[in-house]
Amino acid sequence: MNVYLAEFIGTALLLLLGNGVVANVVLKNTKGNNSGWIVITTAWALAVFIGVVVAGPYSGAHLNPAVTLGLAIGKGFSWALVPYYILAQLAGAITGSFLVWIIYKDHFDATDDAGLKAAPFATSPAIRNKISNLISEIIGTFVLIFVIFYFTDASIGTKEKVTPIGLGSMGAIPVAFLVWVIGLALGGTTGYAINPARDLGPRIVHALIPMKGKGSSDWSYAWIPVIGPIIGSVLAALAFLLIGK
């Protein structure tokens with residue numbers, strides 16, 4: 001295991017489970033068909049937990065170019081590593097999304113609505129207004145990155161002598177809860193991509209696979225879940241640098 005393989009595997013698991021729940025909810029004749037938004041947001045949060053558990057000890061479990069960029073600006077993460085982290089994340093997102101298609105292929109084929117076929121791959125707005133859609137992605141990602149900056153490690157002791165306590169895999173719970181509440185509270189407008197790799201990688205898969213009855217990959221919208229999270233991440237990092245701890 002190394003940092004790039006960890007980012008690849010962690011992001012692949014994130015997309016396999018995250019986009020997997022979307023497929024389970026929206027595609028025809030699945031066991032979870034029409035089970036709703038709470039199922040989607042909960043499973044996405046748990047998918048984050050799984051990805052962070054696997055990748056965290058090795059790479060810090062960014063799993064998201066917006067996180068990598070934010071940490072480079074606000075926390076001194078090495079800029080030399082940024083492009084390689086992002087490439088690993090994008091490759092993981094493509095892989096995880098492709099596996100969702102393999103698992104649910106019969107249900108993709110059974111589903112007539114091209115929009116529902118696209119939903120397990122990439123986000124789309126509930127109401128198409130590119131300005132407000134962009135703002136939604138900026139704010140959602142700002143919340144994600146800004147709160148991550150204020151995560152603290154568990155410790156015991158007094159102000160004079162503090163002893164850190166390793167929480168192991170349980171240390172992944174805070175970010176899972178954070179993504180959960182972002183989805184529940186802010187995700188209804190655009191589907192809360194808040195992660196350029198999470199949207200772009202699967203959208204590429206959707207464009208390339210030979211899916212029966214496939215519609216548009218909606219490339220005219222694709223820049224919003226990429227640029228929005230980048231802007232939100234930069235703003236969150238600058239706000240953190242301005243405010244500090």
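The largest share of the lining of the second largest pocket, three residues, comes from helix H6. This is a predicted model, in which local features need pLDDT of at least 70 and side-chain atom pairs count only at pLDDT 80 or more, while totals for chains, interfaces and linings use all residues. Residues are numbered from 1 along each chain as its sequence is written, and side-chain values use heavy atoms, with hydrogens and water left out. Helices, named here with H, are DSSP runs of H or I with at least four residues, numbered from the N terminus.

**The second largest pocket**

- A pocket is defined on a 1 Å grid over the protein atoms alone, as an open set of points with protein on both sides within 12 Å along at least five of seven lines, and its lining residues have an atom within 4 Å of a point.
- The volume of the second largest pocket is about 210 Å³, where a volume is the space filled by probe spheres set on the points, and grid points are joined across faces, edges and corners.
- Lining this pocket are 14 residues, of which Gly 115, Ala 118, Ser 124, Ser 216 and Asp 218 are the closest to its centre.
- At least two residues of the lining are supplied by each of helix H6 (114-118) and helix H9 (196-208).
- By residue class, the lining divides into five nonpolar, seven polar and two charged, with Ala, Val, Leu, Ile, Met, Phe, Trp, Tyr, Cys and Pro counted as nonpolar, Asp, Glu, Lys and Arg as charged, and the others, Gly among them, as polar.

**The cavity**

- A cavity, on the same 1 Å grid, is a set of points where a 1.4 Å probe fits but cannot get out, and a search of the whole structure finds one cavity of 30 Å³ or more.
- The largest cavity has a volume of about 30 Å³, and its lining is made up of Val 67, Gly 70, Leu 71, Ile 145, Ile 148 and Phe 149.
- Helix H3 (65-74) and helix H7 (130-149) are the elements that give two or more residues to the lining of the largest cavity.
- Of the residues in the lining of the largest cavity, five are nonpolar, one is polar and none is charged.

**Packing of H1 and H2**

- Helix H1 (residues 3-26) packs with helix H2 (residues 37-59) at an angle of about 170 degrees, and their axes are 8 Å apart; axes are lines fitted to C-alpha atoms, for helices over the stretch in contact, and angles run from 0 to 180 degrees between N-to-C directions.
- That angle makes H1 roughly antiparallel to H2, a term used for angles over 145 degrees.
- The contact of H1 with H2 involves 20 nonpolar residues, five polar and one charged.

**Residues in helices**

- Thr 11 lies in helix H1 and is buried, with a relative accessible area of 0%, where buried means under 20% relative accessible area, exposed over 50% and partly exposed in between (1.4 Å probe, protein chains only).
- Not counting residues up to four places away in sequence, Thr 11 touches Leu 63, Gln 89, Gly 92 and Ala 93, contact meaning heavy atoms within 4.5 Å.
- Ala 66, in helix H3, counts as buried at 0% relative accessibility.
- Beyond residues up to four places away in sequence, Ala 66 touches Thr 141, Ile 145, Ile 194, Pro 196, Pro 229 and Ser 233.
- Trp 180 is found in helix H8 (residues 173-186) and counts as partly exposed, at 28% relative accessibility.
- With residues up to four places away in sequence not counted, Trp 180 touches Ile 38, Thr 41, Thr 42 and Ala 45, whereas the C-alpha atoms of Trp 180 and Asp 113, 67 residues apart along the chain, are separated by 28 Å.

**Residues in loops**

- Asn 29 lies in the loop between H1 and H2, where it is exposed with a relative accessible area of 57%, and its phi is near 65 degrees, a positive value in a residue other than glycine.
- Asn 34 is placed in the loop between H1 and H2, counts as exposed at 68% relative accessibility, and has a positive phi of about 65 degrees although it is not a glycine.
- Ala 122 has its place in the loop between H6 and H7 and counts as buried at 11% relative accessibility.
- Leaving aside its neighbours within four places in sequence, Ala 122 is in contact with Arg 198, Asp 199 and Arg 203.

Methods:
Parallel < 35°, antiparallel > 145°, perpendicular 65-115°, else oblique.
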